[in-house]
Amino acid sequence: MSSPTVPPAAATEPQRGEIAMRDVPREARNVGEPRQGGWIIRITVALIVILWLIPTAGVLITSFRPEAQVLGSGWWTVFAHPFRAAEWTLANYTTALDAAGFGNAFLNSLAVSVPATVIPITIAAFAAYAFSWMEFRGRYVMFVVVVGLLVVPLQMALIPILRLYADGAVLFGRQIFPDLDLNGTFLGVWLAHTGFGLPLATYLLYNYIGSLPSSIIESAKIDGADHFTIFWRLIIPLSVPALAAFAIFQFLWVWNDLLIAYVFLGGSRQNQVLTIALRNLLGGRGEDWQVLTAAAFISMSLPLIVFFSLQKYFVRGLTAGAVKG
Amino acid sequence: MTTSSGSTGAPPEAAAQPAGRAVGMFVLRLLGAVAIPLVAFALLWMTFEYLRNENANRGIVVGVALVVGVGGVFFLYWGMNRVVEYLPERVREGVRPYIFVGPCLVILSVFLIYPVINTILISFKDARSENFVGLDNFRFVFTNHDMLLSIRNTAAWIILVPLFCVTIGLAFATLADRLRRGEAVAKSMIFLPMAISFAGASITWRLIYSYRPQGFGSNIGLLNGIMIGLGQDPVPWLQQQPWNNLMLMVIMVWMQTGFAMVVLSAAIKAIPDEIIEAARIDGASEMQVFRRIIVPSILPTIAVVTTYMVINALKVFDIVFVMGNAESDGTVVIAERMIDWFFTSLHAGRGAAIALVLFVAIVPVMIWNVRRFREQEMTR
């Protein structure tokens, strides 16, 4: 409403939301407004919010307390003397990053997550474009198969893919898929995430790319552009909102994933991603809360940055991603 | 004669061609769909070999992985498109679509279609997938004590988690909708746990449930802190069967309520104001407005959110896996049993049979969910 040229009529229109309501004169409000409300609602909402923040606050505070304090008293006791210097330290983070290997794990998580986001989106975007704007035999059947695969839970695929990676595939005594020895490699994890993310990515991008106006594509064709150029120069720039929403969903999904990393990348210290490292730490040093919490916070840092800086896309991506199999 | 098979008329034209040329076209298309992606994959392959080097510097390995992973997929399509450019003009546009969809189909065949068939086969075989054992693995699934326990626990997960998520989410969305100020901030605080991994959330909650027996140091868990403050004895929360299952469910409720709340809140805001205002002018109480107008209007959204929660709860694995020893704590669930039987007990047949049971349980919910999602997309 910051625009100076808002017509006065807009203010009295029954628009929903606080900004519109504030512009309505006070007397005009009370008819259609909730009658009670006020304090009770505000306090209830505040209580729920506090309840929801307590677990994260506990982790954050514990991660900055020295070992002796952490093991001697609950984290809530810091509120008794929050400004005493002996109550705080950064040592837990150095321990977690170096000794516990979380610096390494952070890099591994990046090396897994970024390609495992870019690869499925690129492949899905090409396929979605072909399904919406190219004509070829079998188009409908192929699309139905892709969407149908949305229902397959990834648990169904774990054992065969693990064996495929280890020994290749043999059918009727013949090697039909080579032995690639992909277990424990980044490529193996990228491809697994790509396979499990593709149906949803293709389906969502098809919905978006298919709804772009056909006049744009027709006029580009008349100007002599081929499909590759149209896709690259026209469709991709126009699809940025959908691509961004899905990219955020997929990135967080991969970053926070434990199962696929555990199955295909394994728990070796060299290769472990953050979620695996957290689990190993919990197994080995389950009561070292000062290190555990610092490590947990390191693993949360990037998702939280994404969450706070790209909240709009984040919500849209998660909502769209709700049908992932 | 020189009409190229343009993108608009490929199928009818192909049908009108003599048989020999049609076969030729078919072979070319097959090549386009299968061979070209394979060649490109092979090219990329050589680079990946470097990434296996255990002794290489981690920073460099990660850097190379990023460049190869991100650049590789672009290179793949660019390369395939260049190959297509060399084809005779007549067939070029007939082949190109298969270049676009080829990689998608190849990957889906390898990573989803083939595994589904293979898992079904494995589920009828023994531990090392050597001999067929008939229905033995399924008999095991429905008679073994831990399996039955995991089915009971999973049933509790899929009922209670969606129930609490949707109820709290709906209540919070309705209340926050009434706030004059701070609605967005309040909502994002509830939504925040959605960004965290199950593993991270599990550590967060282990800190809350933390328990030390008397004489083994002070209790630093929040819940036991409260118990001591109330003059009670500390409780080993995660060992109290069967209530420890509820303790784990709380984690998922904490994480996913925000999602239910955001989606339901959007649905509530989409209800036309006139309806609600008219009801209020007619003297409806707030409770009546909520029960007779808001809830019925957003019922389709509630259904979608609930199925999403049900599917997630059916597949819950990380929380149980990270929080402790599922077997001795009695917190086993189906997805966790599957991993346990395949990786720890090394019995592929039973692992596959459990996966198949999970699949059969998910498919109807998922089909319904996709259908509802499509309907929602149409009306948007």
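Colleague: Which residues of α13(B) are buried?

Modeller: In this predicted model, the buried residues of α13(B) are B:Thr301, B:Val304, B:Val305, B:Thr307, B:Tyr308, B:Met309, B:Val310, B:Ile311, B:Asn312, B:Ala313 and B:Leu314.

Colleague: Why is B:Ser265 called buried?

Modeller: B:Ser265 has 23 C-beta neighbours inside 10 Å. The cut-off is 20 or more, so B:Ser265 counts as buried. This residue lies in helix α10 (residues 243-269) of chain B.

Colleague: What is B:Ser265 in contact with, leaving aside its neighbours within four places in sequence?

Modeller: The contacts of B:Ser265 beyond those neighbours are B:Ala173, B:Ala176, B:Asp177 and B:Lys187. B:Ala176 is 89 residues from B:Ser265 in sequence, yet their C-alpha atoms are 8.6 Å apart in space. The contact rule uses C-beta atoms within 7 Å, whereas the 8.6 Å separation runs from C-alpha to C-alpha.

Colleague: Which residues have the most contacts inside the largest nonpolar core?

Modeller: They are A:Leu205, A:Ala295 and B:Leu358, in a core of 206 residues. Helix α7 (residues 102-133) of chain A supplies the largest share, 19 residues. Leaving aside neighbours within four places in sequence, B:Leu358 is in contact with residues of chain A, A:Pro153 and A:Gln155, and of chain B, B:Leu314, B:Ile334, B:Ala335 and B:Met338.

Colleague: How many residues of each chain take part in the contact between chain B and chain A?

Modeller: The contact joins 101 residues of chain B to 102 residues of chain A. On the chain B side, helix α4 (residues 89-122) gives the most, with 19 residues. That side divides into 68 nonpolar, 16 polar and 17 charged residues.

Colleague: What is the pLDDT over residues 1-32 of chain A?

Modeller: There pLDDT stays under 50, and the model has 20 contacts beyond four places in sequence for this stretch. Where pLDDT is low, the predicted coordinates should not be read in detail. Chain A as a whole averages a pLDDT of 77, with 80% of the residues scoring at least 70.

Notes:
Residues are numbered from 1 along each chain as its sequence is written. Chains are lettered from A and ligands numbered from 1 in the order in which they are written. This is a predicted model: local features need pLDDT of at least 70, side-chain atom pairs count only at pLDDT 80 or more; totals for chains, interfaces and linings use all residues. Two residues are in contact if their C-beta atoms, placed from the backbone, lie within 7 Å. Helices (H or I, at least four residues) and strands (E, at least two) are DSSP runs, numbered from the N terminus. Ala, Val, Leu, Ile, Met, Phe, Trp, Tyr, Cys and Pro count as nonpolar, Asp, Glu, Lys and Arg as charged, and the others, Gly among them, as polar. pLDDT is the predictor's confidence in each residue, from 0 to 100. A residue is buried if 20 or more other C-beta atoms lie within 10 Å of its own, exposed if 12 or fewer, and partly exposed in between; C-beta atoms are placed from the backbone. A nonpolar core is a set of buried Ala, Val, Leu, Ile, Met, Phe, Trp, Tyr and Cys residues joined through C-beta atoms within 7 Å.
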